[in-house]
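The following questions and answers concern one predicted model.

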Amino acid sequence: MSAETSSSSAISDVEGVSLYDVDHPAPVIEPPRKRTGKTPKGSRTNFEMYAWLFMRLSGIVLVVLVIGHLLIQLVLDGGVSKIGFAFVAGRWASPFWQVWDLAMLWLAMLHGANGLRTVINDYAERDNTRFWLKMLLYTATVFTVLLGTLVIFTFDPNIR
Amino acid sequence: MATPTLEKNGTAEAGFADTPYITATFRIRRFNPEVSDEAQWQDFQISIDPKERVLDALHKIKWELDGTLTFRRSCAHGICGSDAMRINGKNRLACKTLIKDINPEKPILIEAIKGLTVLKDLVVDMDPFFQAYRDVMPFLITKGNEPTRERLQSPEDRERFDDTTKCILCAACTSSCPVFWNDGQYFGPAAIVNAHRFIFDSRDEGGEQRLEILNDRDGVWRCRTTFNCTDACPRGIEVTKAIQEVKRALITRRF
């Protein structure tokens, strides 16, 4: 609504100083990445479908995992004050919590990464920007997932 | 033209106090590349019967106030789908929107539909929209010899895709879709609706090809189910539901 409004013909007011005329029309504003006859055809893979399905299924599992995680860590049995090295060491002594945390790490990271991939696909206009943003995203995801997995499996409670 | 005397009588009988006419302001987004590279809002005050449509107001402005106002309309009765525009921030057909329904006390905002190149005033370049439509192959595909009589279909089979046959290709849905605004490579709701119309047609045998096209990176999986398209559709097609049905068909095809 910031544009000027007037009851008289607003456009004809600027006619005197206009740079544009019938032979030299102003450039029009094209939408990002518009579809033409030369738009490449699909890759014929099911990747997008599996990504979509993964988001739904991992979302359901993550609701249980994350809410359970938050309850145990922050609410039940003394709340956040009980968390310390001993608490973490005690939990990771059990394979059940190792699997829980590992599943949460992988699902949350992949779920979030795929969500961000979607956001990049939606909002990055140029192919180059898309490519590099996604490379950054994938690097960060792989790094975090591998580091987390390494910590869960090689955790040593006797470390000083 | 046929009954000039009747019209005269009508206006004479309507007294000054109970005239149906009101003064309404139409704030129209004007763009003329031959004059300026910037679009501007321009106000038009006209006296009009609120029971008339926005298209009638646009006609009145074009015919009586400013002949340079440019917009598309063909049939003017909600069938051809030429006059989709953004009225008070919502995509509607100007020929199906009554002025009394959109609060004429405040200025009525009219602009071109979003996500397509504005060529002049309310006219946009529809080529990318129709390219997406073409890309889903919106025609009957069959194998074998042509039958000597019509291809029969049960009422139940016809009912399956009845909703999506109503599409008039006005682009109100596609140009209300935030995914399409940001990435024109997305097929958009209208193309998917028209693919749906043939995918679920029992007479058609090209469903597999169309599903393969919509399984693509720019196909149905980009739909974020914001329901903008269902809200915008002047024909009342449940657009988002149709897109979800294509998604379901893709998943059940695989599993």
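Q: How are helix 6 and helix 7 of chain B oriented to each other?
A: This is a predicted model in which local features need pLDDT of at least 70, side-chain atom pairs count only at pLDDT 80 or more, and totals for chains, interfaces and linings use all residues. Residues are numbered from 1 along each chain as its sequence is written, chains are lettered from A and ligands numbered from 1 in the order written, and side-chain values use heavy atoms, without hydrogens and water. The axes, lines fitted to C-alpha atoms over the stretch in contact with angles from 0 to 180 degrees between N-to-C directions, come within 9 Å and cross at roughly 155° for helix 6 (residues 189-199) and helix 7 (residues 207-214) of chain B. Because angles over 145 degrees count as such, the two helices of chain B are roughly antiparallel.

Q: Which residues of helix 7 of chain B make the contact with helix 6 of chain B?
A: Contact means heavy atoms within 4.5 Å. Helix 6 of chain B contributes Ile192(B), Ala195(B), Phe198(B) and Ile199(B). From helix 7 of chain B come Gly207(B), Arg210(B), Leu211(B) and Leu214(B).

Q: Is Asp43(B) buried or exposed?
A: Buried means under 20% relative accessible area and exposed over 50%, with partly exposed in between (1.4 Å probe, protein chains only). The relative accessibility of Asp43(B) is 12%, so this residue counts as buried.

Q: Which side chain does that of Asp43(B) join in a polar contact of 2.8 Å?
A: A polar contact is a pair of N or O atoms within 3.5 Å; within protein, one must be able to donate a hydrogen and the other to accept it, and residues adjacent in sequence count only if both atoms are side-chain atoms. At 2.8 Å, the partner of Asp43(B) is Arg27(B).

Q: What share of the 255 residues in chain B is buried?
A: The C-alpha atoms of chain B fill a box of roughly 70 × 45 × 30 Å along the principal axes. Of the 255 residues in chain B, the buried share is 53%.

Technical notes: Helices (H or I, at least four residues) and strands (E, at least two) are DSSP runs, numbered from the N terminus. Angles under 35 degrees count as roughly parallel, over 145 as roughly antiparallel, 65 to 115 as roughly perpendicular and the rest as oblique.
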